[in-house]
Amino acid sequence: MISLVKLRDYQSPNVIDDNLKVSFRGFVGMDAGLDELRIKSVIFVLEIFLDCHDKRLSYLDFNRNLNSMFSDFAAFLYTEFNFSLSYKYSVIHYLKKILRLFCENEGFNEPHIVTCENKNISKNIVDSINNYNPSTQNISTLKYYHGWFTLSSDGKHVKLYLQNFYLKFGTDLTNKVSKAMADLFIRYPYSTAKYKAKVFSQVLSVLTKTLDNSDDFYSAGESIRVNKYVENIFLILKVNCKINNGNLPYFYKQWQSTVKLIQDIFIHSKLWGQPLYELFSPDFKQSDSNFKTHRKLINGQLTTNKLITNIPLHISDSKAIAILIKNISDDVDYVVKSCEQVIDSIMEKFRLRNDLAKSGIARGFNLNRQKTSEYIDMSIPENQCSTWNKWGYEISDSKKNHKSFLYIGVTARDFVHKYSIVQSGMLYPFLYLIVNEHPEITNSWLENFQLYDKNGNKSGFIESANSFIAVGYKLRKGSKNAEQKIVLTDKSKYLFECLELLTRQAREYMKKNNNKDYKYLLLSSDKLSNPKRLKNILTQSVLTSSELNKTLELNRSLLNNSDILNNLSVNKFRASRAILIYIKTNSLQAVSEALGHTRPCPKLLSRYLPTPILTYLQDRWIRVFQYAIIFEAMKDSTYLANIINFSKNDLDEFLSNHKLKLFSKHAVDGNFTNLDIHDVLGENIDDKYKLIIPMSTTLYSILSCIIDLVESEEQETRKPSDTTIEWYETAKFVVKTLDESLKRTSDPEILSIINHTYNKEPVLKRLKEVIYEV
C-alpha cells in the first residue's frame with residue numbers, strides 16, 4: 001500500500017493543469033484549516049489517483065459531471081493508502097472545501113464527493129469501493145507509488161529507493177537491480193540493510209542524473225569504462241558533500257561502503273563488467289584528522305573529550321603530559337569508586353524493600369475503605385512495599401493512580417529511589433564496573449545481552465569448573481564472529497547477579513504479558529510505569545535524576561577534571577580503560593586483546609590521543625628500556641644513581657612487566673586443573689599455552705651449566721643471585737622438556753643439540769664468576 005512516509009521521496013506528477021493548481025493554492029486561509037501545507041498534501045493525493053488511472057484534470061473538465069471520478073477517488077484512497085481513518089477523513093473533508101471554493105469562485109457546479117466518517121468506514125465509502133473498477137488502474141504506475149522493498153535477515157521490510165531509477169530506466173532494469181539488492185540485503189539485519197540501502201540511494205541518484213537510458217547504464221558499466229565512471233560518481237558525491245557543508249572524513253569513510261555496494265549489487269550480479277583494476281577508494285588525509293569532532297575550548301585551550309578526561313590537542317611539555325596521564329587514571333578511579341558507592345546504596349535499598357515487604361501486608365485491588373475488615377493501613381512502609389512487590393506494574397494496567405493506591409506521601413520518583421525499583425539510570429553504575437572488569441564488552445554487547453533464548457531457555461551464562469561465562473554478541477563483527485564469551489571475575493559475576501535481581505520483577509511482568517523483550521538483561525521503567533527493554537545506552541549527563549549523577553556532582557570539585565560528568569559515557573569510559581592499558585604496557589597487542597579486537601589496529605590509539613601525547617608515551621618507554629639495560633649492568637655500582645636520571649617507580653614498573661621472572665605454578669608443577677574453562681570457550685589449549693624457546697647447542701650448554709652450578713655443593717657456602725635462580729628455573733624447564741621429548745620420539749634436531757654439547761668446563765669456570773652474590 002501507499003504510505004505517507006514513502007511519498008516524501010516522490011515528486012508531484014504533472015496531471016493537473018498548472019493554472020488549476022494555482023487556483024487551488026489560492027484558497028490558503030479562506031476556510032478553517034486550509035493552510036498551504038494542507039492544500040498541497042490533499043492535491044498530491046488527488047494527483048497520485050489521477051496518475052494511477054492515466055487521467056488529467058483541467059478547467060474544462062469541470063464543465064462535465066465529475067461525480068463518478070471523485071467516487072473512484074474515495075474508493076482508491078480507502079483501498080490503496082495505509083493512512084489512518086482520521087487522515088483519510090481529513091483528505092476528503094478538505095478536498096470538499098477546496099472544490100467548493102473553486103466552483104463558487106469560477107461558477108461551476110460543485111461535484112459530489114461521498115461523505116465519510118472520522119473513525120469508521122461509512123456506508124457511502126463501502127458503496128464507492130463496491131462500484132470501483134480496479135482494472136482501470138495502470139499497474140506499473142501503481143507499483144511505482146507502492147515503492148520497492150525487500151526483506152532483511154530478521155524479516156523486516158527495507159526500502160530500496162528505486163522510484164526515480166524506475167522513471168529513468170524502466171521496468172526491466174529496475175527489476176534486475178531490485179533483485180540484486182534483495183539478494184544482498186537478505187544477509188543483513190534490518191538496521192544494517194536499511195543503512196546500506198540509504199547509502200546506495202546516493203549512487204542511484206547520480207545514475208539518474210548522469211545517464212539517459214538503460215543503454216547508457218550498461219555502457220557505463222563495461223569493464224573498460226566502469227573504473228572511470230565510479231570515479232565520476234565519487235567526484236559528484238564529494239562536491240555535493242562540500243556544497244551541503246557535509247562531513248568530508250565521514251564521506252570518505254562511507255565511500256568505502258559505497259564501493260563495496262557497487263561491487264555487490266552491480267558487478268557481482270553481472271549488470272556491470274569486472275573492472276580492469278581496483279575501484280577508486282581513497283583514504284581521507286588531513287592533519288589532526290581524528291579530532292574534528294568532540295572538540296571544545298576550555299580556558300582558552302582547544303581540547304577533545306573523546307575520553308572521560310579532557311585532553312588538550314596541542315601539548316608538548318613533558319611534565320604537563322605526565323600530569324595529564326595521571327589525571328586519566330584518577331578520573332577512571334573516581335568513576336569506579338563512585339559506582340561502587342552507588343551500587344552499595346542501590347542494593348541496600350533493594351534489600352530493605354524486600355525485608356519490609358516480608359513483614360508487611362499487601363492490599364487488594366478493590367477499594368481500601370477504613371471501615372471494612374479488609375482495610376490495610378497503607379501509610380505503613382511495610383505495607384507499601386508488600387503491595388508493590390505483589391502487584392507491581394499491574395497497577396498501571398488497572399489505570400489506578402500509583403500514589404493513591406500505594407498511599408505514598410512522596411513523589412513516584414522519590415519512592416522508586418527510596419526502594420530501588422528499577423529505572424534506566426539505576427543500571428549505569430553496574431555497566432561502568434562491568435566494562436572496567438572486561439573492557440572488551442561494548443555498548444552493543446550489553447544492549448543485546450539475553451538471559452533467555454527464543455524458546456525461553458536460560459542462555460546468557462555458562463557455568464564450568466567454578467567459573468562463569470557470559471555469552472553475548474558484538475553485531476558489528478558479523479554473524480561468524482559476533483558471539484563473544486567473557487569469563488567473569490567474582491566482581492563482574494556479582495554485578496550481573498545484581499542486575500538480574502533488580503530487573504526480575506519487570507522481567508516476570510513482561511513475560512506474563514507476552515512481551516518478548518523479557519529475555520534481555522537490561523530492562524527499566526520510568527518511575528512506576530510499565531517496564532521496557534533498554535535499547536540504547538545513553539551518555540551519563542542526560543540521566544539528571546540518577547543517584548550516580550548526584551554522587552559524581554557532589555565530589556567533582558575535588559577532581560582536576562570538573563567536567564567529568566559531561567564527558568562520561570560507557571563508550572568513553574571503555575576508551576579511557578584502553579588508554580590506561582597502553583600507558584601501563586606500551587603494547588598495542590595488549591590493548592587490542594583487552595578490547596576484544598580480532599587483530600591490533602594501528603590507528604586505534606590515535607583516535608583518542610593527539611600525536612604529541614602518543615610520542616611522549618613511546619619515548620618514555622624507550623628511555624625506560626635504555627635505563628633498564630644500564631641498571632642491569634650497573635646495579636651493583638655505587639655510581640648507579642648518578643648514571644640513571646629516571647624515576648625508580650618507572651623503572652620498577654618496567655622491570656616488573658618485562659624482566660624474566662619465575663615460572664608460574666602451572667609451568668613448574670604441571671598443574672592444569674583449571675584450564676578446562678578454555679575448552680568451554682572453544683579455544684585450542686595447545687596453541688594458547690604453547691611456549692616457544694629458540695634452542696641451540698650453545699644455549700643448551702649454558703643452561704645445563706647453570707643447573708650444575710646451582711645444584712652443586714658450592715651453593716652451600718655461596719648463595720646464587722636472584723637472577724641466577726630465575727634462569728635456573730628456566731633451564732630446568734627446558735632441559736627436562738628436551739629429555740622428555742627424547743623419550744617419546746628420537747627427533748634428530750634434539751639429538752643433535754644434546755650430542756654436540758660443548759665441553760662444559762670453560763663455561764662453568766666463566767659462569768662461576770657471575771652467578772653468585774658478591
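Q: What makes a stretch of this chain count as a helix or a strand?
A: A helix is a DSSP run of H or I with at least four residues, and a strand is a run of E with at least two. In this predicted model, the chain comes to 34 helices and 10 strands.

Q: Why is the set around Phe62 and Leu207 called a nonpolar core?
A: The term asks for buried residues such as Leu, Phe, Ile and Trp, joined through side-chain atoms within 4.5 Å. This set has 95 residues and is the largest such core; Phe62, Leu207, Phe217, Ile265, Phe266 and Trp272 have the most contacts inside it. A second, separate core has 72 residues, including Ile343, Trp445, Leu495 and Leu543.

Q: What makes Phe165 a contact of Leu207?
A: Contact means heavy atoms within 4.5 Å. Leaving out residues up to four places away in sequence, Leu207 touches Phe165, along with Phe169, Phe217, Tyr229, Phe266 and Trp272.

Q: How do you know which residues go into the buried share of the chain?
A: The cut-off is under 20% relative accessible area. Of the 774 residues in the chain, 44% are buried.

Q: How do you describe the packing of H2 and H6?
A: Two packed helices get an angle between their axes and a distance between the axes. For H2 (residues 36–52) and H6 (residues 139–146), that's about 145° and 8 Å. Ile48, Asp51 and Cys52 in H2 meet Thr141, Leu142 and Tyr145 in H6.

Notes: Residues numbered from 1 in each chain as written. Predicted model: local features only at pLDDT ≥ 70, side-chain atom pairs only at ≥ 80, totals over all residues. Heavy atoms only, no water. Buried < 20%, exposed > 50% of the residue type's maximum accessible area, 1.4 Å probe, protein only. Axes fitted to C-alpha atoms, helices over the stretch in contact; angles between N-to-C directions.
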